[in-house]
Every structure is written in structure tokens, then in C-alpha cells.
Amino acid sequence: MKNKTLITVLGWEDRFSFGTDIILKEYNIERILLISFQDYNSMNLENKSNFLKKVKKSNIKVDQVELNYSTSINNWKTLDLFFSKYCETSDNILINITTIPRETIWTLLFFLKKVHSRINYIYFKPAKYCDDWLTKNHKNPRLLFKHSGLFDLSKNLVLFIITGFDNSRLNSLIEYYEPSKVIVFSQTGNQFDNEERNNGLNINSLLEIEKVEFNSYDVDGSTNILNDKIEEYKNSNIIISSQGPKLSSLSTYKNYIMNEEIGLSYVPAREFNDKYSIGIDEDYISGVFDFKAD
Amino acid sequence: MENPFVFDRPNNVGVDQFIKFYIKENIYTRFLESTRNILLIGVRGSGKTSTLRYYSFPVQYANPEVKNKFNVIGIHIPSKHPLFSKREYLLYENNNKKNVVVEHFLCINIISCICETFIESSVNLDLTKDIEDVILKNLSYILESDFPADMPLFNSIKLFLNKEANASQKKLNNENFESFIDFAFSFNNTVIPFLEQLKNISKLKDSHFSLFFDDVQDLGSIHQEIINSWISYRDNKLFSFKVATADIKPSFITSTGGLILEGHDFVKIDLTKRLYNKDSEFNKFAKDVISKRLSIANIDVSVDEFLPESESFKLGLQEGREKAREKANEKYPNPKGTQISDYVSKYGRAIYFRERNSKANVPIYSGFETLVDISTGVIRNLLTPVYFMYEKESANSTSRSITQIPPNIQRDIILNRSETFWEKIKDIDSEIDNCSEELGKKINNFFNQLIIYLKKRLKNEDISEPRALNFIISQVSTDEEQKQIDEIINASLRSTLLYKRMVGHKATGIKLPLYVPNRIMFPLYGLDSHGQYSHFPITAKAFLDAALNNKEIPFFADEDVSDNQLELLF
């Protein structure tokens with residue numbers, strides 16, 4: 001493929017640098033939009049230096065955008081400004097979602113949707129997640145700008161949560177929104193000790209909870225499952241939050257495109273484990289994300 | 001059979017059911033039925049929503065005890081709607097525009113809640129087609145909009161509002177963001193004219209509209225500033241505000257940067273007064289609540305029969321009192337007045353708890369009084385354990401009717417909840433917003449040291465108040481010390497590890513905060529959750545040493561001075 005532009009977010013995990021190597025080897029990248037979060041500069045120093053060396057060697061043009069994880073308003077405005085000058089017209093865009101916060105994935109998709117009809121995505125699983133905590137010290141959940149749904153004053157709220165290994169994020173969502181019902185979408189399979197780690201729902205017996213199993217790694221399949229449930233609860237206000245594998249951010253965004261009544265919510269964390277994951281599973285997942293609402 | 005102790009959100013309970021369950025506290029009546037602006041402060045679970053709901057029109061209308069149903073029309077306006085979680089207004093650079101967007105959605109919600117109020121209560125307003133037409137025609141003129149025809153008045157307005165809410169959300173989410181500003185609703189151009197139009201209805205012509213904003217701590221600061229601006233309106237003939245918050249430090253700033261003043265713009269009602277009360281006001285209230293639920297469930301036993309105290313616990317306490325009496329007789333060979341009984345009441349329980357074998361299991365925490373103690377004056381803390389006790393007994397019992405919760409089940413649930421509470425403390429940095437790992441560690445250190453300190457107090461035979469559980473922080477010498485203390489205290493208050501009451505020093509009149517630990521933390525450590533009407537001081541240095549360096553809080557019996565008396569401020 002020609003003229004491929006890569007959009008990636010600088011990360012401190014092994015899978016960022018190993019993943020970049022794979023992308024540079026297997027894709028014909030000519031230009032890169034490198035997004036970095038200033039508040040994590042110190043964790044990213046080594047990976048950033050190596051990354052810039054590699055791309056310089058390959059003669060790839062790099063545009064850098066700096067965001068700040070703790071200021072979502074400025075991030076939105078910064079990306080808005082960047083994309084107002086964005087002149088890429090080909091759909092040959094590859095977005096490496098591996099180390100992009102879910103909120104930023106959604107934000108990027110919003111701006112890319114204005115220009116492109118489809119984009120390509122790639123995701124690298126790690127070889128292993130850290131056995132300890134992954135994120136800590138969560139802030140209150142927040143609805144994504146421009147994706148905050150169309151809420152009806154008379155309807156109840158149903159909260160869709162795609163669960164992951166950060167159990168406290170799950171409970172903070174429920175406490176914050178006080179929904180009348182929660183639909184929990186849990187990842188199938190026992191990869192990364194999923195069955196043991198993905199079970200943190202602090203069940204309040206007074207709250208109605210429905211459990212649905214699905215496979216986030218199958219973007220189309222999980223999009224369909226989510227869509228069926230959205231259809232089932234169309235007489236409710238719906239907020240979706242994705243805590244599971246990053247690929248679920250794509251499914252949820254696709255659902256948003258199909259149903260602008262739903263709101264997308266994100267639970268930011270203040271602390272990330274610097275050993276969040278180890279290594280990389282070279283058997284990566286890639287595909288095409290179509291912005292059409294079908 | 002359905003568990004009668006369910007503590008669901010009061011809004012989810014039907015009006016008739018709600019009237020059956022609600023226990024009216026007459027001390028608030030004259031405030032909540034008044035036309036003044038009221039600020040209702042109470043921690044989570046203290047009954048703010050129930051109180052507002054009780055005085056809301058649908059409940060008052062359905063309540064046979066209420067005589068003048070149309071004098072004050074209470075409109076319950078919950079803040080927990082995802083509409084208020086929208087943040088697009090933050091994308092405007094101009095602060096006035098931010099205010100315009102926020103006010104728009106607040107107004108839509110107010111009018112929608114007014115419509116819901118009249119739709120829900122199925123009230124006979126003697127509405128004629130002519131009156132409906134006049135109101136709709138006037139609103140149509142004022143709001144420059146058409147209203148759907150062929151449906152009842154309030155349904156028509158509600159449908160119009162839904163359409164408006166939907167259209168304005170679309171504008172905010174789409175490219176024509178700026179166009180929103182020209183079409184926004186304001187309190188002056190929508191809510192007030194709407195209320196005035198309702199005066200065309202004969203039954204409402206003399207009514208006062210009382211707008212009950214619930215849980216405003218869940219709203220953004222701009223939302224709260226706008227509501228404060230409305231509170232600062234001086235003319236309360238047509239409407240007033242009753243604002244409920246769990247915020248420990250509610251903001252009084254208005255959207256123009258001014259301040260609303262207590263006594264001048266609003267009257268404050270503090271539901272936290274139950275947290276530390278010498279008399280048994282909360283005890284009586286709690287008994288009424290349990291008793292009423294037993295009666296609704298046709299469980300024909302007294303509260304004490306339903307929640308019996310364990311025989312061994314009772315016996316242990318009795319033995320403690322006897323030992324205290326023996327000691328009192330030795331100490332006061334020629335007793336005056338109530339010296340002996342005072343001594344027994346002060347030391348009896350302490351003797352039981354302190355003389356227990358350290359290797360023995362914790363006491364069989366049970367009985368209604370114990371439940372009142374562990375609730376720390378918060379009604380949700382009272383009902384939730386009873387709910388789980390009932391569930392467990394139902395699962396164990398073959399009988400269709402539960403007429404008693406055996407003491408061992410009470411103990412199991414109390415210990416389980418105490419353990420869960422300590423798990424919450426352990427993971428406090430994940431539990432609440434804006435709590436770093438470091439702050440979480442300080443909170444853990446402090447509460448662990450507090451338990452050690454309380455054990456030392458309990459075992460000491462020389463102090464007058466061995467079961468004191470509440471504390472003040474004394475001798476704060478620098479602003480930096482105060483800042484460090486506030487960070488720990490405020491996070492503990494937000495997560496209900498602690499509760500706070502303002503008290504006055506009897507000798508000096510100085511106001512100071514009294515901290516009341518959530519008493520569910522004590523059973524796991526075998527401590528007495530009953531406590532005493534007293535407090536102890538922790539110096540700022542000792543507090544910070546405990547929190548920052550995990551150092552023991554020093555305990556000196558002679559620090560418990562008698563001139564350190566406090567009195568409650570209401």
C-alpha cells in the first residue's frame with residue numbers, strides 16, 4: 001500500500017516499540033502523526049527517543065501533537081485545531097490503537113470521520129499484563145464531547161459496561177450514574193487469566209444487572225451484539241463505557257455512529273502502572289473501520 | 001415475601017408505598033412547608049431525597065393527612081440525570097455562553113419536572129378546555145413555539161420540552177454549536193412565565209411553587225452557581241427553592257460572582273445533627289422506621305423482639321455493670337445523688353469490652369441498640385444491614401414468615417459489613433475521585449492508629465470517658481499543617497469514613513468541627529460501637545504523625561480535662 005499515514009500514541013509499554021517495528025516493516029508508512037501525553041513524558045522518554053531514531057532512519061515525516069491526559073477540554077481543542085489543518089485525503093490511514101486511551105480513540109475517530117470514509121486499524125496484545133494493579137486513582141466518569149447522546153427527560157438510564165481488568169473503574173461508573181439497570185459485557189476466554197481478573201463487579205443486590213458474554217477481539221461480532229442490546233433498550237437512555245480490550249472502543253464507536261442517542265463515557269485514571277504489560281503477541285489484530293452507519 | 005427493609009432510591013418507590021414507609025420528622029415541617037429558600041444539608045443516606053419527596057406535590061396530594069394540598073406545590077427536581085453530565089458547554093471560550101447552555105438545560109428540567117408532577121399526581125385541577133387553550137396560546141406566544149394539540153395540557157408541554165431537549169442536544173453535538181446560544185431558555189424567559197401561566201388554573205391561583213433541587217452536589221459548579229443566582233432573587237411570592245446537598249462545603253457563589261448568605265437568602269437545615277446527639281432522638285426515629293416496616297410486612301412483633309440481643313452479649317454487659325457497681329461502691333463509700341449509677345453507666349460497658357479475653361471471638365454484636373450504634377445516625381446505614389439480615393434469615397429459614405433475626409445472623413452481617421468497610425478504607429484511592437495512592441496510605445495509617453488509640457482508651461481505668469469515639473483536632477499551628485489535615489479529613493468525609501458536626505466550645509464559644517467516625521468500623525476490632533456523649537482531642541502533630549508516619553497517637557489519661565465541654569450547634 002502507498003502513502004500510508006500512521007496515527008499512534010507514544011507509550012511506555014514494550015508493545016509500543018515492538019509494535020512500531022512490525023508496522024514499519026509490514027506497512028509502507030510515509031508519514032506519522034505521533035501523539036504524546038505530556039504528563040507521561042518521563043515514562044515515555046526511552047521509547048520516544050528510540051521511536052524518533054527509527055523513523056528518522058526510515059525517512060518518515062513526523063507530525064507531533066502534545067496532549068495532556070488530565071485536561072480533556074484542551075485535548076479536544078488541540079485535536080480540533082490540528083484536524084482543521086489536516087490535508088490528508090486518501091483513506092490510507094492506519095491507526096495503531098494499542099496505547100491510545102479510549103477517550104482519545106473516540107476523539108480521533110470523530111475528527112477522522114469528517115475526512116475519511118474508512119480507516120485501517122491495528123492492535124497489539126501484550127505477551128502478559130502486569131499481575132498487580134493496572135490503573136489507579138480514578139476520576140469521575142465523563143461523557144465524551146459531542147458524543148454525549150440525546151437523552152430523553154422521561155426515560156430511565158441503562159448503563160452498558162464492557163468490563164476489563166480495572167474493576168474499580170466499573171464500580172465508579174455505577175456509583176456515578178446510578179442507572180436503573182446495568183448491562184455488563186464481559187470478555188470471553190481465559191487469555192491473560194481473564195476469568196479470574198475480569199470479575200470485579202461489586203454487586204449491589206438492589207441493582208438490576210444483566211450479563212452478556214462477548215469477544216471484543218471480534219470487532220464486527222461485538223458491534224452486532226451491542227447493537228442488538230441497544231435495540232432492546234431503545235426506550236431507555238443509554239450510556240456505554242468500554243473498559244475491555246481497546247478494540248471494544250471501535251465497536252462502541254460504530255454503535256455510536258449507528259445510534260447517536262447513546263452517550264459514550266470514559267473513566268480517566270490518574271495513575272498507570274509503569275509495568276502495565278510485558279512483551280508483545282506478534283499475532284496482531286488489524287482491520288478496516290468503516291464510518292458508514294450500516 | 002418481599003424484604004421489607006429494602007432501602008431503594010426513594011424516587012423508585014410508588015407514591016402509596018412511599019407514604020406507607022415514610023416517617024415524618026415534624027421538626028422540619030415548618031421549614032419545608034414554608035415559602036422561604038432552604039438549604040438541606042445531609043450526608044449520603046441521611047434521608048434528603050425522602051424528605052424532599054415527602055413534601056413534593058404528588059405525595060402531599062395523595063396523603064390523607066395533608067389538608068391544604070394546593071397552598072405549596074412542591075416540585076421534586078432530581079439532579080441525577082445524564083443530561084447534566086453533558087460537558088459540551090465547556091467547549092465555549094466565553095463564560096456567558098457556558099452559563100447560557102447550562103441554564104437552558106436546568107430550565108428544561110424544571111418545567112419538565114413540573115409537568116411530571118401534575119401528570120403523576122393525576123390531580124383534579126378542574127382544567128377546562130378553555131383554560132388549557134389559554135395557557136397553551138400564551139406559552140406559544142411567549143416561547144414562540146407551537147405545542148402539540150389533542151392531548152392534556154401537561155402532556156403537551158412535556159412533549160414540546162422533549163422535542164426542545166432533543167433539538168438542543170443535537171445542536172450541541174453537531175457543527176451548529178454556536179447557533180444554540182440564540183435559542184436558549186432562561187429562568188426569566190421560560191420558568192417564571194410558565195409558573196405565572198399556571199396561575200390561570202383556579203386551583204393553583206393562590207399556590208406557591210417550591211422547587212426542590214435534590215443532590216445538587218452531583219451538578220457541575222456552573223450549575224450550582226446558576227441555582228445560587230436564582231436563590232438570590234428576593235421575591236419569593238411565586239416560587240422558592242429547597243436545595244438538598246451532600247456536599248460538606250456547599251458553594252454559595254452565584255454566577256455573577258456574588259454570594260448568597262445564610263439567614264438572608266436562605267435558611268439552613270442540617271440533617272447531620274443526628275450524628276451526635278445526647279438524647280435518643282435518632283434512636284426513637286430508627287425504632288419508628290423499623291417498626292413501621294414490620295407492621296407493613298404484617299410481622300406482628302416488637303422491634304426488640306425482631307432484633308434480639310444475644311444472651312451472652314446481654315449477660316456480658318450485665319456482668320460489666322455489676323463489676324462497675326462494685327467498683328463504684330468502693331470508690332464512693334458514702335455516695336451522693338447519682339454517683340453510683342453515673343459510674344455504672346460510664347464504665348459498665350467499658351469493663352465488659354476491656355476484660356474480654358483477647359483470644360476470644362469478638363462479641364456477638366446484636367440487638368436494635370447495636371444497629372442504631374453502627375448506623376452512626378444515618379438511616380441508610382441502619383436499613384441496609386437489616387435488609388441483608390432479613391435476606392440471610394429468609395435463605396436459612398423454612399418458615400414463610402420471618403419474625404426474628406437470630407443474634408448470630410445479626411453478628412455475621414454486622415461483621416461482614418465491618419470487614420467490607422475496612423476493605424473500602426484499604427482501597428480508598430480507587431473508591432473516590434481525586435484520591436492519590438499516597439493520600440490513601442495516609443488515610444489507612446490514620447484509621448489504623450485510631451483503632452489502636454481507642455483500644456488504649458477503652459483499657460484505661462483512670463479516664464472518665466473510656467468509650468469516647470468522636471474527636472476534635474487541636475493545636476493546629478500553621479497553615480501548612482491545616483492544609484495537610486484538611487486533605488486527609490476531606491477525603492475521609494467524602495467517602496463517609498468520617499462524619500462532621502460543628503460544635504461550640506462551652507467555655508470559649510469558639511466553633512470547631514467534631515469528627516464522628518463511621519461506627520461500622522469498630523465491630524471487626526471488637527470495639528464498642530455504642531460510644532459516649534463525649535470527645536477527645538488529637539493534636540495536629542499527633543494526627544499528622546499517625547497519618548504520615550504511621551506513629552501511634554499518644555494517649556495521656558490526664559488530657560481528658562473536664563472543662564473541654566462541647567455543645568451542638570444547630
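A residue counts as exposed when its relative accessible area is over 50%, as buried when that area is under 20%, and as partly exposed in between. B:Asp206 has a relative accessibility of 64%, so this residue is classed as exposed. The side chain of B:Asp206 forms a salt bridge with B:Lys205, and the closest N and O atoms of the two are 3.5 Å apart. The structure in which this pair is found is a predicted model.

Chain A can be taken next. It is made up of 294 residues, and 61% of them count as buried. Its secondary structure consists of eight helices and 16 strands. Among the contacts in chain A between residues at least 6 apart in sequence, 85% join residues at least 24 apart.

Salt bridges give some examples of how parts of the sequence are joined. Side chains of opposite charge can pair when their charged atoms come close. Over all chains, the whole structure holds 32 salt bridges. One of them is between A:Asp63 and A:Arg31, whose closest N and O atoms lie 2.8 Å apart. This pair links distant parts of the chain, with A:Asp63 in strand β3 (residues 61-67) of chain A and A:Arg31 in strand β2 (residues 29-37) of chain A, 32 residues apart. The two partners fall into separate classes of accessibility. A:Asp63 has a relative accessible area of 18% and is therefore buried, while A:Arg31, at 29%, counts as partly exposed.

Another salt bridge in chain A joins A:Glu208 to A:Lys181, with 3.3 Å between the closest N and O atoms. Here too the pair links distant parts of the chain: A:Glu208 belongs to strand β11 (residues 208-214) of chain A and A:Lys181 to strand β10 (residues 181-187) of chain A, 27 residues apart. A:Lys181 is buried, because its relative accessible area is 14%, whereas A:Glu208 is partly exposed at 47%. Both residues belong to a network of salt bridges that also links A:Glu210, A:Lys229 and A:Glu232.

The contact between the two chains comes next. It takes 43 residues from chain A and 42 residues from chain B. The area buried between chain A and chain B is about 3400 Å², and carbon and sulfur atoms give 46% of this area. Between these chains there are 15 residue pairs in polar contact, counting pairs with both residues at pLDDT 80 or more. Several elements of chain A each supply at least two residues of the side that touches chain B, among them α3 (72-84), α4 (102-113), α5 (167-177) and β8 (142-148). The element that gives the most to this side of chain A is β8(A), with seven residues. By type, the residues on the side of chain A that touches chain B divide into 18 nonpolar, 11 polar and 14 charged.

How many salt bridges are there between chain A and chain B? The count is one. The side chains of A:Lys77 and B:Glu93 meet in a salt bridge, at 3.0 Å from N to O.

A:Lys139 sits in the loop between β7 and β8 of chain A. Leaving aside neighbours within four places in sequence, A:Lys139 is in contact with A:Ser70, A:Val267, A:Pro268 and A:Arg270, and also with B:Asp433 of the other chain. The C-alpha atoms of A:Lys139 and A:Ser241 are separated by 14 Å, and these residues are 102 apart along the chain.

The nonpolar interior is the next topic. In soluble globular proteins, nonpolar side chains tend to be buried together. The largest nonpolar core has 141 residues, and those touching the most other members are A:Phe160, B:Phe118, B:Ile157, B:Phe187, B:Leu198, B:Phe213 and B:Trp230. Helix α5 (residues 95-121) of chain B gives the most to this core, with 12 residues. Beyond its neighbours within four places in sequence, B:Leu198 is in contact with B:Ile114, B:Phe118, B:Phe154, B:Leu204 and B:Phe209. Another core, of 79 residues, lies apart from the largest one and includes B:Phe5, B:Ile413, B:Ile425 and B:Ile451.

With a relative accessibility of 0%, B:Ser418 counts as buried. Its side chain reaches the backbone oxygen of B:Ile520 at 2.7 Å. Not counting residues up to four places away in sequence, B:Ser418 touches B:Ile520, B:Met521, B:Phe522, B:Pro523 and B:Leu524.

How values were computed: Residues numbered from 1 in each chain as written. Chains lettered and ligands numbered in written order. Predicted model: local features only at pLDDT ≥ 70, side-chain atom pairs only at ≥ 80, totals over all residues. Heavy atoms only, no water. Contact = heavy atoms within 4.5 Å. Buried area = accessible area lost by both parts, 1.4 Å probe. Salt bridge = Lys/Arg side-chain N within 4 Å of Asp/Glu carboxyl O. Polar contact = N/O pair within 3.5 Å; in protein donor to acceptor, adjacent residues only side chain to side chain. Helix = DSSP H or I, 4+ residues; strand = E, 2+ residues; numbered from the N terminus. Nonpolar A, V, L, I, M, F, W, Y, C, P; charged D, E, K, R; others polar. Core = buried A, V, L, I, M, F, W, Y, C linked by side-chain atoms within 4.5 Å. Buried < 20%, exposed > 50% of the residue type's maximum accessible area, 1.4 Å probe, protein only.
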